[in-house]
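Dear colleague,

I am handing over the structure we spoke about, and below it you will find my notes on what came out of it. Please read them with the structure open beside you.

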Protein chains: 2
Amino acid sequence: MGGYGQFCPVARGAEVFAERRTPLIVRELLRGPAHFNELRCGLPRISRSLLSERLVTLERVGIVERRSPSKGRGHEYRLTKAGRELDATVRALGTWAYKWVSRDLTPDNLDPALLMWVIERRIRVENLPPQRVVVHFRFRRLPAHAYWLVLERTEVDLCFADPGFGVDLFVDAEVKALTQIYLAHLTVAAALRRGEITLTGPPEYRRAFASWIGVTPYARDSLRSVARTAEQAPLVGSRSRT
Amino acid sequence: MGGYGQFCPVARGAEVFAERRTPLIVRELLRGPAHFNELRCGLPRISRSLLSERLVTLERVGIVERRSPSKGRGHEYRLTKAGRELDATVRALGTWAYKWVSRDLTPDNLDPALLMWVIERRIRVENLPPQRVVVHFRFRRLPAHAYWLVLERTEVDLCFADPGFGVDLFVDAEVKALTQIYLAHLTVAAALRRGEITLTGPPEYRRAFASWIGVTPYARDSLRSVARTAEQAPLVGSRSRT
DNA sequence: CTGTATCCGGATCGATACTG
DNA sequence: CAGTATCGATCCGGATACAG
């Protein structure tokens, strides 16, 4: 019961791309992660069985190439040329969804761990001060979630335990507000005004904080991005993680 | 178990667009049909239950608008502005699939009725002779399938029974070959040479037949993007785009 | 004619246990 | 660590019957 019994390219494409979770797996692969458990980081609720099965399918149809352990353990999953060219489709889908469905965030869509993960990747290092800054994030009504971002111009790290350098800036936030900021549907200034985010620390860091946080790349393509203020310079590209 | 638990626009978009059969339903709505059973024509194996359910979902998320019977029976299903803007995503998917997966046609992908349906819609009326031409299609090893195309510059009709005007041109074809022609992976000339299509009728009609048949729009998109890429390469002569 | 509700078999998915 | 096999619960989808 796999296919649609059609020769139409949209149907053939949907057979491989529009299977459940597949667009997200392709999105992750486009971002860069190549190992099984790296991929799982960006796919919070996926089971290992399903990810494994999808990777097998994607390899079979020529979107993914599985390479033998180059030096570490396990395999490397890389997109083939065909897979990389799915970028245009993923972008089109993301851009559409940014414009039309990203505004209404239900509690089910919120995920502090995932949020911190993407915020880390989009930190605008060029706006950081020369010295290292440790920012401690906590989320209201979710005491179990605590994160530390260690920010340096040369490297950004996300920790799940106090890294021990001392904390320079405390961020106490509503998950929803910080998510909206990442989606460029709310400015840091507005969130502070409404009390949905509280910053504690030296004034220069409190002032600069907004310039450190990046936004989703899908906001860039949308005509409707509301929060395009002076504080938001062009987005930086993704940086490599090791 | 509906959503993916993510705020990422790609995930939100996939929740609504990448559900099974949904890309095809959107594709059909983009083409124009607005009534329930018109939609089913382009979705051969879909059950009424599933189409009904998907239309309800699409209406709920704001992609489809259900209008009360304007004059006929039943409802009209129209894309909203949000739905129409999915065009870019459908095109991206179709263009990708045309390039990467449309070549390998399995018997399961072939469907004479659907093929005739899309050929009818893409007839290049500007190349037709002034007088009416009736073309009778038959498919090898599928004696149950017989179709008549009544071609006029002002109107094209597909019939499943002899319309009674007499037949001007007989086409006896391998389903696969005619499908490949529609996908622009094979020319009529080559198919004739290989004996995969046989034309019977006056020489002027046999010669002109190739110019009446159109090809999938995704072939054109693909050629255009190839041209665009070529134009960016330094060694290729310039071509203007509008 | 234009859908909708129900039922049931098969497909899918996550948890668990297991292997290299 | 990096997956894979198995199994049971859940979900999906087509057939059928039914309603406007």
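In what follows, a residue counts as near a molecule or strand if its C-beta atom, placed from the backbone, lies within 6 Å of it. Please also keep in mind that this is a predicted model.

By that criterion, 18 residues surround DNA strand C, and the closest of them are Arg20(A) and Leu50(A) from one chain and Phe36(B), Ser52(B) and Gly74(B) from the other. The surface near DNA strand C takes at least two residues from each of α4 (48-60) of chain A, α3 (36-41) of chain B and α4 (48-60) of chain B.

Turning to the two protein chains, chain A is superposed on chain B by a rotation of 180° with 0.0 Å of shift along its axis, with an RMSD of 0.1 Å. The two copies are thus related as by a two-fold rotation axis. Within chain A, the residue that comes closest to this axis is Ala18(A), whose C-alpha is at 2.2 Å.

The contact between the chains takes 45 residues from chain A and 45 residues from chain B. On the side of chain A that touches chain B, α1 (9-17), α2 (22-31) and α6 (87-100) of chain A each supply at least two residues, and α6(A) gives the most, with ten residues. The residues of this side divide into 29 nonpolar, ten polar and six charged. Since 100% of the interface residues of chain A are also interface residues in chain B, the copies meet through the same surface.

Chain B also holds an open sheet of five strands, in the order β5-β4-β3-β6-β7 and with mixed pairing. Its edge strands are β5 (156-159) and β7 (197-200) of chain B, each of which pairs on one side only, and neighbouring strands of the sheet are turned by 20° against each other on average, direction ignored. Strands β4 (residues 142-151) and β5 of chain B run antiparallel and are joined by four bridges; Trp148(B) has Cys159(B) in β5(B) as its bridge partner.

Two helices of chain B pack on this sheet. Helix α7 (residues 112-122) touches β3 (133-139), β4 and β5 of chain B, and its direction makes about 10° with that of β4(B). Helix α8 (residues 175-182) touches β3, β4, β6 (169-173) and β7 of chain B, and its direction makes about 105° with that of β6(B).

With best wishes

Key. Residues numbered from 1 in each chain as written. Chains lettered and ligands numbered in written order. Predicted model: local features only at pLDDT ≥ 70, side-chain atom pairs only at ≥ 80, totals over all residues. Least-squares fit on C-alpha atoms with pLDDT ≥ 70 in both. Contact = placed C-beta atoms within 7 Å. Nonpolar A, V, L, I, M, F, W, Y, C, P; charged D, E, K, R; others polar. Pairing = 2+ DSSP bridges. Axes fitted to C-alpha atoms, helices over the stretch in contact; angles between N-to-C directions.
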